[in-house]
Amino acid sequence: MNGGAQWAIEVAGLEKRYGDRRAVDGISLRIARGEVFGLLGPNGAGKTTTVETLEGYRTPDAGTVRVLGLDPDGDGPSLRPRIGVMLQEGGLYPGVKPLEALRLFAAFYPDPDDPERLLDLVGLRDVAGTYVRRLSGGECQRLSLALALVGRPEVVFLDEPTAGMDPRARATTWQLVRDLRDAGTTVVLTTHHMDEAEHLCDRLAIIDRGRIVLEGSPADITNVGTHDVRFSTAAGLDLPALAAALSLSADTVSEALPGEYRVRAEMTPELVADLAVWLRDKGFGLIELRTERATLEEVFLQLTREGDA
Amino acid sequence: MNRSGVVAQTRIELMMTLRRGESLLVTLVIPLGILVFFSKVDAVKVDSSTSIDFLVPGVLALAVMSTAMVSLGIATGFERRYGVLKRLGVTPLSRTGLLAAKTANVLAVEVLQAVLIIATGVALGWDPTAGILPALGLLLIGTVAFAGIGMLMAGTLRAEANLAAANGLFLVLLFLGGMAYPLAKLPDAVEIFAKALPAAALSECVRGALQSPAHIPVGELLVLLVWAIGAPLAAIRFFRWEE
């Protein structure tokens with residue numbers, strides 16, 4: 001294959017320190033061509049440092065990084081025409097207009113996409129002649145996205161692409177990412193939105209404190225959690241007392257939202273009976289009772305909270 | 001070199017320069033204003049030559065300082081703040097390409113300045129001399145020196161601090177640059193200090209080249225060369241692409 005690159009991206013043992021802080025502490029991952037890969041993690045987990053190393057901004061302290069078989073640090077001139085980048089923020093001239101910016105960037109690449117087409121694609125036709133400094137945050141994000149795509153890249157890096165977008169722009173962006181995947185483009189994105197990761201990514205990695213704590217498809221990852229019991233009743237139940245009544249440890253019962261409870265246990269007939277009896281004795285009615293798989297958000301919160309104690 | 005990229009980048013740099021009112025003020029209005037004002041108003045008596053012969057070289061030096069240091073430096077500082085330099089770094093436009101576009105932009109503005117200043121000077125009674133070619137060469141050396149200072153500040157200071165520093169330095173160097181009035185009018189201690197700065201060195205060298213017979217002062221030329229080598233080297237050493 002071209003450049004021996006079977007994988008779009010290969011990272012092995014990546015480490016990056018800033019002073020004493022280990023921003024990335026031994027990350028390894030492989031991303032296939034045409035895959036949409038998500039990096040999830042709390043702020044400061046090392047997502048942006050990882051992505052910026054792939055983009056060639058940072059030199060690894062240890063480990064190797066290959067993008068399309070090339071070293072982003074040393075092979076920049078051959079790699080840059082083949083990648084597209086959307087930074088987490090900034091990167092736009094305030095004193096130019098969207099169409100001017102797209103035409104400028106188009107001139108950098110050997111086989112660019114049509115700036116007018118991209119302008120329509122991201123829905124910026126109405127503000128084509130407005131200075132960037134007068135655009136809303138969401139419009140700037142969409143322009144950054146279009147600029148990342150104008151060179152017809154083989155790999156696109158999107159750092160929190162939908163931050164600041166309204167729901168409609170977000171839907172447009174999701175569709176754009178799906179179209180990119182269908183066209184065979186590899187997409188690497190970071191996000192805080194669990195629904196974004198769940199709906200968009202073929203695979204994702206949850207990063208915490210510079211390490212990957214879990215990697216797989218969204219379905220794989222949510223299967224890690226047990227099938228929990230959920231029920232709805234009055235808000236503010238005495239959770240430790242309830243846990244004791246169910247013969248469970250106190251931390252397995254939680255109130256996710258006021259009046260919405262989650263019990264991390266199998267829904268056995270005994271558990272249902274104990275719950276019903278306890279609620280009757282306290283005088284609470286049971287509004288809803290069901291089992292449910294953990295959402296990605298819950299897995300995420302659980303994984304990234306562990307070890308905080 | 002990415003030719004179509006450099007051409008497009010040069011176009012956008014020029015367009016942005018022309019759109020920035022404050023940049024036109026400092027590069028065109030102030031130098032031409034000083035030229036006309038000080039030639040009409042006998043604010044400071046000039047000893048050895050007529051006032052227009054003194055002013056044209058000084059204002060040419062001022063023009064170079066305004067474009068290469070102030071306009072380039074402030075624009076670059078804000079591009080750094082807005083992450084534009086960072087974003088351009090992952091496009092196929094190389095750093096060399098970006099630098100080429102910025103150089104072309106500075107030179108284009110300086111050509112416009114020189115044409116307007118010389119035309120205005122002639123209208124005010126200035127006689128161009130054969131020294132114009134060497135004078136242009138000296139102005140190029142001055143451009144390198146001032147661009148080095150502008151980029152050093154743009155690449156190390158926060159955008160707002162850079163804005164203040166570039167404008168403040170412009171004013172100081174205008175007062176201490178032998179541009180609108182002779183250095184001899186300054187107190188002796190200040191004059192010695194002023195002679196070590198690039199502004200006075202450039203205006204004195206250009207003045208020497210344009211007088212007849214031409215005589216470029218060696219000491220001033222050495223000072224100018226030191227700045228033209230030292231400032232860009234410092235800029236290369238200390239410039240940070242991200243704020």
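These legends accompany several close-up views of a predicted model.

**About the model.** Residues are numbered from 1 along each chain as its sequence is written, and chains are lettered from A and ligands numbered from 1 in the order in which they are written. In this predicted model, local features need pLDDT of at least 70 and side-chain atom pairs count only at pLDDT 80 or more, while totals for chains, interfaces and linings use all residues; side-chain values rest on heavy atoms, with hydrogens and water left out.

**View 1. Chain A as a whole.** Chain A holds 11 helices and 13 strands (DSSP runs numbered from the N terminus: H or I of at least four residues for helices, E of at least two for strands). Along the principal axes, its C-alpha atoms fill a box of roughly 75 × 45 × 35 Å. Of the 309 residues of chain A, 50% count as buried (under 20% relative accessible area; exposed is over 50% and partly exposed lies in between, with a 1.4 Å probe and protein chains only). Take the contacts in chain A between residues at least 6 apart in sequence: 69% of them join residues at least 24 apart (a contact is heavy atoms within 4.5 Å).

**View 2. Tyr131(A) and its surroundings.** Look for Tyr131(A) in the loop between helix 4 (115-121) and helix 5 (137-149) of chain A. Tyr131(A) has a relative accessible area of 22%, so it is classed as partly exposed. Leaving out residues up to four places away in sequence, Tyr131(A) touches Pro94(A), Gly95(A), Val96(A) and Lys97(A), and also Arg19(B). For a sense of scale, 23 Å separates the C-alpha atoms of Tyr131(A) and Asp159(A), which are 28 residues apart along the chain.

**View 3. Helix 5 of chain B, end to end.** Helix 5 of chain B covers residues 95-123, 29 residues in total, and reaches 42 Å from its first C-alpha to its last, close to the 42 Å expected at 1.5 Å a residue (the expected span is 1.5 Å times one less than the number of residues). Its buried residues include Gly97(B), Leu98(B), Ala101(B), Asn105(B), Val109(B) and Ile117(B). An α-helix has 3.6 residues a turn, so residues three or four places apart point the same way. The buried residues of helix 5 of chain B pack against helix 1 (3-19), helix 2 (21-40), helix 3 (51-81), helix 4 (84-88) and helix 6 (132-154) of chain B. Just after helix 5 of chain B, Gly125(B) takes a positive phi of about 105 degrees.

**View 4. Asn105(B) in helix 5 of chain B.** Asn105(B) sits in helix 5 of chain B and, with a relative accessibility of 8%, counts as buried. Which residues does Asn105(B) contact, leaving aside its neighbours within four places in sequence? They are Glu13(B), Leu14(B) and Thr17(B).

**View 5. Helix 2 against helix 5 in chain B.** These two helices of chain B pack at an angle of about 20 degrees, with their axes 10 Å apart (axes are lines fitted to C-alpha atoms, for helices over the stretch in contact, and angles run from 0 to 180 degrees between N-to-C directions). Helix 2 of chain B and helix 5 of chain B are therefore roughly parallel to each other (angles under 35 degrees count as roughly parallel, over 145 as roughly antiparallel, 65 to 115 as roughly perpendicular and the rest as oblique). Among the residues that meet are Leu28(B), Pro31(B) and Leu35(B) from helix 2 of chain B, with Val109(B), Leu116(B) and Thr120(B) from helix 5 of chain B. The contact of helix 2 of chain B with helix 5 of chain B divides into 9 nonpolar, 4 polar and no charged residues (Ala, Val, Leu, Ile, Met, Phe, Trp, Tyr, Cys and Pro are nonpolar, Asp, Glu, Lys and Arg charged, and the others, Gly among them, polar).

**View 6. Helix 9 of chain B and Pro198(B).** In helix 9 of chain B, 12 of the 13 residues are buried. Covering these buried residues are elements including helix 3, helix 6, helix 7 (159-175), helix 8 (188-195) and helix 10 of chain B. Pro198(B) belongs to helix 9 of chain B and, at 2% relative accessibility, counts as buried. Beyond residues up to four places away in sequence, Pro198(B) touches Phe146(B), Ile149(B), Leu224(B) and Trp227(B).

**View 7. Helix 9 against helix 10 in chain B.** Helix 9 (residues 198-210) and helix 10 (residues 218-238) of chain B pack at an angle of about 130 degrees, with their axes 8 Å apart. Helix 9 of chain B and helix 10 of chain B are therefore oblique to each other.
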